[in-house]
Every structure is written in C-alpha cells, then in structure tokens.
Amino acid sequence: MTSAQLNMKPHVNFSNEDGPSCRTSDLPLVVDLDGTLTPTDTLFESVIMLIKRFPLMVLLLPFWLMRGRAVMKSRIAHYVQPRVSSLPLRQDVVDFLVAEKARGRTLVLATAAHHSIADAVAARLGIFDAVLATTDRVNLKGKLKLAALQQHYPQGFVYAGDCSADLPIWAAAQGVILVGVPASVGKRVRNKHAVEREFVASQRGLVTWLKALRVHQWAKNLLLLAPLLTGFVFLESGWMVPMILAIGSFCLAASATYLVNDLWDLDSDRAHPRKCKRPFAAASIGIAQGLGVAALLLLSAFVMAALVSASFAGMLALYLVLTSAYSWSLKRYVLIDVIMLSVLYTLRIVAGAVALDRAVSSWLLAFSVFVFLGLALVKRCSELVSMQKLNLHAAHGRDYRIADLVVLWPFGCATSVAAVVVFGLFISAPETVARYGSPELLWLSALGLVYWQARMWIKTSRGEMHDDPLVFTIRDQGSRITVLLIVASLLAAHLIA
C-alpha cells in the first residue's frame, strides 16, 4: 500500500435532483498543472527561456499582454517551450493519480498553461483521459476554467488545485483536493467544503534558501583579503571596517547572481546528475520568490559597496557585468568560459586592493590568473569525469565533450605548473628580497602550492572532486592543512629576519 493510499480520507457522498447519490470518487478527477501537478510555474519558465534565446523579445511581452494573457501565452509557446521530460512533478500527487487511474477513474488535466505544454505533460504521464488548457483565444483560468469544466462534466467533478485562483472552481466542485495551498487559502476552503484529500507542500526552510544562495561559495570572496596579506596591510590600522563591507557586498552580490544564474540555467541544471537537485531546478523555491530576493540582495550589496568608496562600487558593478556575461553567454564557449572564471577570481583580488586604496602587484595578478585558470580547468575536468562515469558524451548547455579530456587534462596541469613558476620567479625578484626578511622561506609555500594543486588533479582523476575546487579545498582536510602551511610560510618569510 502506497503512502498516498494510507493518507486517504473517507469518500464524500453527494446527491442532486436528477439522480441518486453517488460517491465523489466516482466522479472525474480534474487536476491543475502549475503548482499542483508540478511545483513550478511553466509560464515563468517559458518567459525565462524566451529572454534567454531571444533577448529582444522581452520588448514585445507588454504588447502581447495588452492583447490578453491567452495571446501572450500563445506567442511565447510559438518560440519556446519548457523541456517537459525533465519538468519536476509532485511525486505524491502522481502516485495518487496513478492509483486512481488503476481503479478506473476518469482523470482530466485542466490548466491555464498553453495547450502545447499541457499536451506534452499528458503524453509524458499517459494517465489523463482529457486535457483542457489555454488556447490562442481563451486563457483557461478561474471562472473560464470553471465554465469549461461545467460544460464538459455537467454531472459534476472533483477538483485538485493549489491557490486562490481555484476558489471559484472548488466552490462549484462536488469534491475538493488541496495541493500545497497557502494557509489562508486552505482555511477558507476547509470552512466551506469537505476536503477529500490534502497534499502538504514541503517546507522551504532556511537550509533550502542557504543552498540556493550558495552561502558556502562566500568563501571565494575571501580573495579580497589577498592584497591585505601580500601587502601586509593587516599590520596597519583602519582596514577592518572597509574590508568587512567590501567582502559583505561581494557575498550578497554573488548570491544574487547565483539565484539569477540558476533560473537562467533551469533546463541545463535538470539535465545534470547533481545540479538537478538545486532548489530552482527541483522547484523547491518559486521563481518569483527567487527574483524578489535577488533584487533585494543586489540593492543591499551596492549600498554596502558605496559605503566603502565610489571606486569600489564601480568594481562591484564591473564584477556583475562580467559574471552576467559569463552566465548568459560566455560559459557556453569552450575554453572562453574557464578563462572568464580566472578573470572573475582575479577581479576579486583587484577589488580588495581598491577597497584598501592600494596598488596591486603585477606578480600577484600574473600568479592569480594562472592558478585560477588551473582551478577552472579542474572544475571542467571533474564534470566531464562525472559524465563519463554515467556514459554521457557531452555537457548539456556547454561546449565540452568527454573526448576533450585528452586536451583539457594536460592543459590544466601545465597551467597549474605555470602558477608555481611565476611564484618561483617572484621569490627571486629584487622587490621580494627587499620586502621579505627571509625570502628563502617562500620556497616552502611553493612546495605547498605544488602539493595542493597536484592533490586536486589526482582527486579529479579519481572522480572525487567537488563541482567547485575551492569548496573542495575547504572541505578536504589535506588541502586545508596545506593552505594553512602556505599562509604560515608567507608570514614567516616576512616576519623572520
């Protein structure tokens, strides 16, 4: 017996003037799509896909909407359609519908989504006897949906919905099924109608939001401290408040871009073995909620950046422009994406120098470009190794194939070695001898750097690398110890005369 059957409530009887009483379980079961059968909103997803593929089409959306929602949905569906095969579904609702279908009940999919989407969902599940959906002329929502249902099923029906727009339909239905309804809507319905069945939505708690905001990725923004450490500014006063504001602004801005990027990449993420579990890909968080939180985070980030300096606010704006270009376009091009990632990492170091009002060393810039290019290549190789284990041949949404590993692997290792070479040349540079009390101790940092990078490449070859090598470094004990020893050697080389 399934969990759906265990939670079944007694069937409700009803009668009318035209015939004897019957059970609501004998009536057609009508199911909504957006928010009910699937936790996502297919219209929002379609709009995102439209903007992604045809950016200028966003200018036409207001004009389409002025002609009516049916026209707008029809025009959008003409250009794009969500990948229904990977659309997340409420499994408990699907199990219930399958059980009802097995005992002979008539199932109807009735939705305000465009009929092309509804037909594709019905074909995927193969359990619906009929589909009612928005056409080029009629937006099948609220009272219009009710009219269509009463026309097709005058003997009555049971309706499964999820929001206040379904209130008039529930009022006319002979049976009510609630799916993840807001508390206020659920209370109104229960006060007036006998609820045949209720599916409670999963809680979107703090953990879900922290995952969506990628709080663990905030560690990357500690790179803003690099000029503080390499220039030994931490021995001076007055740096703490601006650095806290600077790092905080980059953290908030980064989380905002992660939210937007995940919405932008819904289709690709759902085709990925691990990314399909991200909150937006799994529809654990609504699209409208995500956009609202992203806007709030961006506003807060720029307020904090402006408190540091106008120049730093400009660096934050440049970071957002580059990361948006990466997310929306550049990441689809082989090698350009990893080069762009190394630039974004290096930009954080430059931003830290701007926050401190200090010049950044050319040695530090050269080193960071190579080391972060190596890390970006580790990231791509780890993804390809994961797909190779799943017998996949190419990355969805990116111009990478399993065959590219024969090129990316030596290129990545060579880039990592180049970072060590730059660091070695820096040790021998005249300015290093003048600044450091014991520059020969820096060779301990160089050895640590060799070990740390080689460790990541070995972990990648074994398929043990996280999607993000910096996150792996934080979680991996050997890497953490090595990085701490590298930093300790840097400090000792400066302080010990």
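Start with helix H16, residues 336–356. In this predicted model, H16 is mostly covered, with 16 of its 21 residues buried. Now step just past the end of H16 to Asp357, where phi is positive, about 60 degrees.

On H15, select Ser311, Phe312, Met315, Leu318, Tyr319, Leu322, Thr323 and Tyr326. On H16, the contact residues include Asp337, Met340, Leu344, Leu347, Arg348, Ala351 and Ala355. Color the whole contact by residue type: 15 are nonpolar, two polar and two charged. While you look along either helix, keep the repeat in mind. An α-helix has 3.6 residues a turn, so residues three or four places apart point the same way.

Now move to strand E4, residues 107–114. Eight of its eight residues are buried, so E4 is largely enclosed by the rest of the structure.

Which strands pair with E4? On one pairing, select E3, residues 29–31: E3 and E4 are parallel and share three bridges. Pick Val30 and find its bridge partner in E4, Val108. For the other pairing, select E5, residues 130–134, which runs parallel to E4 and is joined to it by four bridges. Finish at His114, whose bridge partner in E5 is Thr134.

Definitions and conventions:
Residues are numbered from 1 along each chain as its sequence is written. This is a predicted model: local features need pLDDT of at least 70, side-chain atom pairs count only at pLDDT 80 or more; totals for chains, interfaces and linings use all residues. Side-chain values use heavy atoms; hydrogens and water are left out. Helices (H or I, at least four residues) and strands (E, at least two) are DSSP runs, numbered from the N terminus. The expected span of a helix is 1.5 Å times one less than its number of residues. Buried means under 20% relative accessible area, exposed over 50%, partly exposed in between (1.4 Å probe, protein chains only). Contact means heavy atoms within 4.5 Å. Ala, Val, Leu, Ile, Met, Phe, Trp, Tyr, Cys and Pro count as nonpolar, Asp, Glu, Lys and Arg as charged, and the others, Gly among them, as polar. Two strands pair if DSSP finds at least two bridges between them.
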